[in-house]
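Subject: Structure handover

Hello,

Please find the structure we spoke about below. My notes on it come after.

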Amino acid sequence: MLKMNQLVVGMLLFLSSLFSCQQKGDFESMNVEDFDTLIQDEGMQRLDVRTLAEYSEGHIAKTININVMDDSFSSMADSLLQKDRPVAVYCRNGKRSKKAAAILSKKGYKVFELDKGFNSWQEAGKEIEK
């Protein structure tokens with residue numbers, strides 16, 4: 001009976017650890033038009049979390065580039081971003097930007113994320129820089 005209880009407790013601990021590792025964050029995902037309106041505010045920090053190669057091919061004007069897949073993303077963000085100013089973040093299709101938004105919001109940043117990423121920005125015919 002003791003082994004059975006230990007097995008059940010072990011399984012419950014394992015399952016709870018799986019669910020607690022999911023990334024959660026308090027950020028707002030936005031469509032292209034709302035994101036475009038948002039970044040017109042001069043106080044908004046703009047962050048591209050794609051690779052440098054992707055960034056070099058084209059990006060939204062006045063953005064900082066920090067690759068979210070880089071191990072130093074969190075520390076680089078802290079050194080380049082200001083916590084008292086909101087951050088508008090995007091990637092290619094929205095997956096990496098959600099990861100970055102979760103990381104940043106957990107660290108105390110107010111974050112807005114471009115839901116379907118830079119691809120949707122380009123499809124909407126929005127201006128880009130190279």
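Predicted model: local features only at pLDDT ≥ 70, side-chain atom pairs only at ≥ 80, totals over all residues.

Sheet

The five strands form an open sheet with parallel pairing, in the order S1-S5-S4-S2-S3. Its edges are S1 (27–30) and S3 (64–65), each of which pairs on one side only. S1 pairs with S5 (residues 111–114) in the parallel sense, over four bridges. Within S1 and S5, Glu-28 stands opposite Phe-112.

Helix H5

H5 covers residues 95–106 and lies across S1, S2 (45–48), S4 (87–90) and S5, running at about 180° to S5. The helix has 12 residues, and the distance from its first C-alpha to its last is 17 Å, close to the 16 Å expected at 1.5 Å a residue. Its buried residues are Arg-96, Ser-97, Ala-100, Ala-101, Ala-102, Leu-104 and Ser-105. The cover over these residues includes the strands S1, S2, S4 and S5, along with helices H3 (52–57) and H4 (73–80). Just after H5, Gly-108 has a positive phi of about 105°.

Salt bridges

There are 10 salt bridges in the structure.

Lys-62 and Glu-42 form a salt bridge at 3.9 Å, N to O. This pair links distant parts of the chain, 20 residues apart: Lys-62 sits in the loop between H3 and S3, and Glu-42 in the loop between H2 (32–38) and S2. Lys-62 is exposed, at 59% relative accessible area, and Glu-42 is exposed too, at 63%.

Arg-92 and Glu-54 form another salt bridge, with their closest N and O atoms 3.1 Å apart. Arg-92 belongs to the loop between S4 and H5 and Glu-54 to helix H3, 38 residues apart. Arg-92 counts as partly exposed at 39% relative accessibility, whereas Glu-54, at 12%, counts as buried.

For Asp-78 and Lys-107, the closest N and O atoms of the salt bridge are 2.8 Å apart. Asp-78 is in helix H4 and Lys-107 in the loop between H5 and S5, so this pair ties together parts that are 29 residues apart in sequence. Both count as partly exposed, Asp-78 at 34% relative accessibility and Lys-107 at 25%.

Aromatic pairs

A search of the whole structure gives two aromatic pairs. In one of them, the ring centres of Phe-35 and Trp-121 are 6.2 Å apart and the planes are at 85°; the pair is therefore edge-to-face. Phe-35 lies in helix H2 and Trp-121 in helix H6 (residues 117–123), so the contact ties together parts that are 86 residues apart in sequence. Phe-35 is buried, with a relative accessible area of 1%, and Trp-121 counts as buried at 3%.

The other pair is Tyr-90 with Phe-118, whose ring centres are 5.9 Å apart; their planes are at 25°, so the pair is stacked. Here strand S4 contributes Tyr-90 and helix H6 contributes Phe-118, so the pair ties together parts that are 28 residues apart in sequence. Tyr-90 is buried, with a relative accessible area of 1%. Phe-118 counts as buried at 4% relative accessibility.

Regards

Notes. Residues numbered from 1 in each chain as written. Heavy atoms only, no water. Pairing = 2+ DSSP bridges. Helix = DSSP H or I, 4+ residues; strand = E, 2+ residues; numbered from the N terminus. Contact = heavy atoms within 4.5 Å. Axes fitted to C-alpha atoms, helices over the stretch in contact; angles between N-to-C directions. Expected span 1.5 Å × (residues − 1). Buried < 20%, exposed > 50% of the residue type's maximum accessible area, 1.4 Å probe, protein only. Salt bridge = Lys/Arg side-chain N within 4 Å of Asp/Glu carboxyl O. Phe/Tyr/Trp six-rings, centres within 6.5 Å; stacked < 30°, edge-to-face > 60°.
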